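Here are my notes for someone opening this model for the first time. Please keep the structure in view as you read.

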Amino acid sequence: MKSILVTGGAGFIGSAYVLMARRLGFRVINLDALTYSGNMDNLESLSDDPHHIFVHGRIGDAQLVQDLLEKYAPDYVVNFAAESHVDRSIVDPDTFVRTNVLETSIFLRVVKTWWESVHFDSIKKKDFRFLHVSTDEVFGTLQVGDAAFTEETPFAPNSPYSASKAASDHFVRAFYETYGFPTLITNCSNNYGPRQFPEKLIPLVTLNACAGKSLPIYGTGENIRDWLHVEDHCEAIQLVLEKGRIGETYVIGGNSERTNLEVVKNICRTLDELRPLENGSYEDLIHFVSDRLGHDLRYAINCSKLQSELGFLPKHNFEDGLKNTIQWYLQNNEWVLNVQNGDYRKWIQMNYTERTE
Ligand code: NAD
Ligand code: DAU
């Protein structure tokens, strides 16, 4: 049985990846710090699974990581662990530097040192791969009509979050160039799907609408994101992990560019159908609020490299995937109530009460 050390596997994308990896028959060692967005409820279906080994800890804890590598000798490492929310990075950049830059660099060094110590002609050493999960935000922003991002697009991050992810990508690349450490990088567009922490647009708007609260749209709502279902993202990661060329980067996207206003109106229409109000439409709850600082206008991905080299095609169509996601939130009230705790309420109050209409 091959094993994968997954970091950040209690978060939104990491947990979807862990569930997929177990379905594929990999043993998973899951290292997660359980920050505000890490959630053991995401892994509930694996609670009795002896091949899912959960470890509560940080990627920057060098001794812990070294012990795990020596104990479990993983075939692969997939690094999801990160601070992931742009708005939080605007309020508190230091936390992003700590996890996404410093701890990622420590993690790389410890894994690289362990990999060097593995017997030089063993299969484990030859086939080992370290995949770093990153974001399209490292490329900065596009204008409407610009060509989509590719692997060749220069980095131009605009937020503390994307700057910290860009730095981590540079470290991963440097470990390949300097030490020959077998790395891969993926830069993906916006994910959606079940179990996304409701600070992000789609779950936030869905849950606010259900509670009769206002639906905050930053600026004019004309900003464009390219949406990809989280399960498609996980499949792409697995393709790159097993078949990608060492040292390469692959961009991943969903070919589903939508303005934020289109996405929010789509959520409202879906809720009008699934849970109609007595009077009016959920669209009546839409409010335009002051914009995100440094708000990137548009992201778009040209994933022809991933398509032509590895045959990747997203399976989910955005409108169906969004409807299923909304249904998941409506059916998983306990999950929702558990994440809407004191910390969550504090963040919502901090981020939204100061925003003027
Ligand atoms: P998330 O915030 O839901 O999950 C992050 C997870 O990492 C949490 O479980 C958290 O506890 C854990 N974590 C944070 N700091 C840690 C540390 N120091 N050590 C160990 N674990 C730690 O984020 P997500 O949306 O699932 O994103 C996962 C990864 O994918 C991130 O690297 C993010 O940059 C990248 N990404 C996200 C998207 C998206 O749309 N959400 C798109 C492209 C790339
Ligand atoms: O592009 C990939 C990135 O997508 C990932 O790297 C990030 O981890 C992930 O959080 C996501 O970043 P965004 O900033 O694009 O996602 P978010 O859901 O926060 O916002 C999506 C868009 O919606 C963005 O243009 C801002 C806008 N927005 C967001 C919120 C939370 C609003 O208009 N109102 C809101 O309340």
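1. Start with a cut-off. Buried here means under 20% relative accessible area, exposed means over 50%, and partly exposed is in between. Keep in mind too that this is a predicted model.

2. How much of helix 7 is covered? Eight of its 10 residues are buried, so by that cut-off the helix is mostly covered. The buried residues are Ile202, Pro203, Leu204, Val205, Thr206, Leu207, Asn208 and Ala209. After the helix comes Gly212. Its phi is positive, near 75 degrees.

3. Helix 7 (201-210) and strand 8 (215-218) each supply at least two residues of the shell around ligand 2. Strand 8 gives the most, with three residues.

4. Which residues come nearest to ligand 2? Of the 24 residues around ligand 2, they are Thr135, Asp136, Tyr161, Arg292 and Tyr352. By class, the shell divides into 10 nonpolar, eight polar and six charged residues.

5. An N or O atom in the side chain of Arg292 is 2.6 Å from an oxygen atom of the ligand. For Thr135, an N or O atom in the side chain is 2.7 Å from a ligand 2 oxygen. Tyr218 uses its backbone instead: an N or O atom there lies 2.9 Å from an oxygen atom of ligand 2. On its own, ligand 2 has 690 Å² of accessible area, and the protein covers 95% of it.

6. Now turn to ligand 1. There are 29 residues around it, and Asp32, Ser37, Ser84, Tyr161 and Lys165 come nearest. Tyr161 is also listed among the nearest residues of ligand 2. The shell around ligand 1 has 12 nonpolar, 13 polar and four charged residues.

7. Several elements build the shell of ligand 1. Helix 1, helix 4, strand 5, helix 6 (160-179) and strand 7 (190-192) each supply at least two residues. Strand 5 gives the most, with three.

8. Which atoms of the protein lie by the polar atoms of ligand 1? A polar side-chain atom of Lys165 is 2.7 Å from an oxygen atom of the ligand. A polar backbone atom of Ile59 is 3.0 Å from a nitrogen atom of ligand 1. A backbone N or O atom of Leu34 lies 3.3 Å from a ligand 1 oxygen. Taken alone, ligand 1 exposes 840 Å², and the protein buries 97% of that.

9. Leu34 counts as partly exposed, because its relative accessibility is 28%.

10. Ala73 has a positive phi too, near 40 degrees, and it is likewise a residue other than glycine. Its place is in the loop between helix 2 (62-72) and strand 4. Ala73 counts as partly exposed, because its relative accessibility is 23%.

11. Is Thr99 buried or exposed? Thr99 has a relative accessible area of 6%, so it is buried. It sits in helix 4 (residues 93-117). Leaving aside residues up to four places away in sequence, Thr99 touches Arg58, Ile59, Ala82, Glu83 and Thr104.

12. Last, the interior. In soluble globular proteins, nonpolar side chains tend to be buried together. Here the largest nonpolar core has 44 residues. Those with the most contacts inside it are Ile4, Tyr17, Val78, Leu131 and Leu306. Elements that each supply at least two residues of this core include strand 1 (3-7), helix 1 (12-23), strand 5 (129-135) and helix 8 (230-243). Apart from this core lies another, of 25 residues, among them Val65, Val77, Trp114 and Trp115.

13. Not counting residues up to four places away in sequence, Tyr17 touches Ile4, Val6, Val78, Phe80, Cys234, Ile237, Gln238 and Leu241. Ile4 and Val78 are also listed with Tyr17 among the residues with the most contacts inside the largest core.

Technical notes. Residues numbered from 1 in each chain as written. Chains lettered and ligands numbered in written order. Predicted model: local features only at pLDDT ≥ 70, side-chain atom pairs only at ≥ 80, totals over all residues. Heavy atoms only, no water. Near = heavy atom within 4 Å. Polar contact = N/O pair within 3.5 Å; in protein donor to acceptor, adjacent residues only side chain to side chain. Areas by Shrake-Rupley, 256 points an atom, 1.4 Å probe, with all protein chains shown as cover. Helix = DSSP H or I, 4+ residues; strand = E, 2+ residues; numbered from the N terminus. Nonpolar A, V, L, I, M, F, W, Y, C, P; charged D, E, K, R; others polar. Buried < 20%, exposed > 50% of the residue type's maximum accessible area, 1.4 Å probe, protein only. Contact = heavy atoms within 4.5 Å. Core = buried A, V, L, I, M, F, W, Y, C linked by side-chain atoms within 4.5 Å.
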